[in-house]
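Here is a friendly walk through one protein chain. Keep the sequence and the 3D view open beside you as you read.

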Amino acid sequence: MKKNIFAIALSFSLTVLSIVFLKNAKPVQLFVLIISYIVAGYGTVIKSLRNIFRGNIFDENFLMTISSVGAFIIGNPFEGVAVMLFFRIGELFQKHAVNKSRKSISSLMDICPDHATVLRNDQYQIVDCEQINIGETILIKPGERVPLDCIIINGETTVDTSAITGEAIPRLVSCGDNILSGFINESRVIFAQVTKEFGESTASKILELIENASMKKSRSENFITKFSRFYTPLVVLLALIIALVPPLFSDSFTFSKQIYIALSFLVASCPCALVISVPLSFFAGIGSAARRGILVKGSNCLESLSRTKVVAFDKTGTLTKGVFSVQNISPVSVTRESLLEIAAFCEYYSEHPIAKSIKKACKKDLNAELISSFEEIPGYGVRVELCNKLFYAGNIKLMKMAGFDIKDTSAGACTVHICSEKEYLGYITISDEIKEDSKSAICQLKQLGITKTVMLTGDISETAHDIALKLSIDEVYSRLLPLDKLKITEQLLSQCKKNEKLVFIGDGINDTPVLSRADIGIAMGALGQDAAIDAADIVIMTDEPSKVPEAIRLSKYTLKIVKENIIFSLFVKGLILLLSSLSLASMWAAVFADVGVSVIAILNAIRILRKKQF
């Protein structure tokens, strides 16, 4: 950057010197202008010659070199220097904009520590992260980044998750909690057991996604690439026609004047604004998304997201937390505390998620010696002998087996009924908690013009419809196997009109086929399965459904900037090209059509990085 600024300043100073002090010394003035030209355009000329030998003739370097050298030849050295000087200034703005975009994601490149402190042979050693195995114990000091995905086995601390999730609020973690590579340990020393190798850890996966994102071009970028391939040779041919044909048919046209017009035409025709600003806009969009914990695997994904009309969700882990918890305790003939304690005793030896939620809700220390017998009845529940009394805990069918005819009180939640041999004691409702922002996410999607929201879940119909009703989801499909989800997705895709896109959001291995088949697959990354993350086009690192409408808004804004740049560039260039061909625009106007338009388009593109909220 400093070299570029110095070269521009030196070239500009030499040009001003030649104009102000060397008016009457034409040979010296020309010599100084040639030096000024070399200082400003040395790199461009070398690139042009190098590309010619490589077979890539018609690029912006070729156009700038031909037009500026031609200006010298026909006796307009000032304009020749101006063309190259302003082109160099345009390149400086371009590099500055690209650097600014890179900085938005460059912090992510530091999220992978090279080394970690590992316990080996009863000693802690500094070891390369790539040489650490699953199951080994690592020590993480305050201020250090978590080197690998792991689970805390000793200690409690707060971690800064912003590099991975984009969230600024530190998170309290303790023994048994999973922490991801890239988190920063803020307060205390912790000991953790490695759960994933370096190449499979979250931070490594993120870097891989970002590195590969630039390889997947959007339709707009592909259009610009093809457009430039045919456009540049065409304008060179038109410039030759302008320079050579009119003087052959009329004496009123001179070769020197027509060559000047042709050179102006070449300068104005340079497609820099399009070639630079369109990819830069998408790059800025991907960088802005990464800062918000939204990893986009390519500009094609970002572009497609703007045309979303149908959004389908998995339920568990996507719209809900995927964690069962006790929602209601309804005693009939005992107290709330007694009902919960009896239920916890009944579920003492069960490892079912529902049983775990009941045991977690009961805060008392349970004495297993009070349990004389335990029998699990598949499809019904459990039968337990506790303090020489028989108790049942399970569904309505188990209650009927025990001799009690009761009504279904589930209302979409899982209900555990409890009774003894003599009386019905009451019931406990357990359900998967809805995420705090799920309702807001659905509402925002509808405000964005999403025509249909759908839930695809393997859960029972009652639970699925209850959650869908609470979240105002349009359609619900329940009790689905992975292949069933895929079939329904195919049906939804067939109902979409041309250029309408279907987004599916999921987090489990069973969602992988649908994530791959949908137009855009979005995986909940922080807690999601690796297979789902690999199959998805976009990864939400915060596990928040509200990030989906935010990503769509960012996508729409990016596409708006891209369209503005394309329309503005083509309009100005078309106007100047027309005026140049009719001898109504000088080379100075052509310089503005090239460099000026490029600078404006680039500044417009980096607005994406400056926008704080979407």
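The report below moves from the whole chain to a few of its parts.

## About the model

This is a predicted model, in which local features need pLDDT of at least 70 and side-chain atom pairs count only at pLDDT 80 or more, while totals for chains, interfaces and linings use all residues. Residues are numbered from 1 along each chain as its sequence is written, and side-chain values use heavy atoms, with hydrogens and water left out.

## The whole chain

The protein chain holds 21 helices and 22 strands. Here helices (H or I, at least four residues) and strands (E, at least two) are DSSP runs, numbered from the N terminus.

Of the 614 residues in the protein chain, 52% count as buried. Buried means under 20% relative accessible area, exposed means over 50%, and partly exposed is in between (1.4 Å probe, protein chains only). Contacts, meaning heavy atoms within 4.5 Å, can also be sorted by sequence separation: among those in the protein chain with a separation of 6 or more, 64% come from residues 24 or more positions apart.

Strands of a sheet pair through backbone hydrogen bonds, either parallel or antiparallel. Two strands count as paired if DSSP finds at least two bridges between them.

Strand 10 and strand 22 (residues 538-540) run antiparallel and are joined by 3 bridges; L295 has V539 of strand 22 as its bridge partner.

## Strand 1 and its partners

Strand 1 (residues 115-120) pairs with strand 2 (residues 123-128) in the antiparallel sense over 6 bridges. Strand 1 also pairs with strand 3 (residues 137-140), again in the antiparallel sense, over 2 bridges. T117 has a bridge partner in each: I126 in strand 2 and L139 in strand 3.

Most residues other than glycine have a negative phi, and most peptide bonds are trans. What is phi of N121 near? The value is near 55°, which is positive, in a residue other than glycine. N121 lies in the loop between strand 1 and strand 2, a hairpin with 2 residues between the strands. N121 counts as exposed, at 72% relative accessibility.

C387 has a positive phi near 55° too. C387 lies in the loop between strand 14 (381-386) and strand 15 (389-394) and is partly exposed, with a relative accessible area of 46%.

## Two helices in contact

The axes of helix 11 (residues 336-346) and helix 12 (residues 353-361) come within 9 Å and cross at roughly 135°. Helix 11 and helix 12 are therefore oblique to each other: angles under 35 degrees count as roughly parallel, over 145 as roughly antiparallel, 65 to 115 as roughly perpendicular and the rest as oblique. The contact is made by L340, A343 and A344 of helix 11 with I358, K359 and A361 of helix 12.

How values were computed: Axes fitted to C-alpha atoms, helices over the stretch in contact; angles between N-to-C directions.
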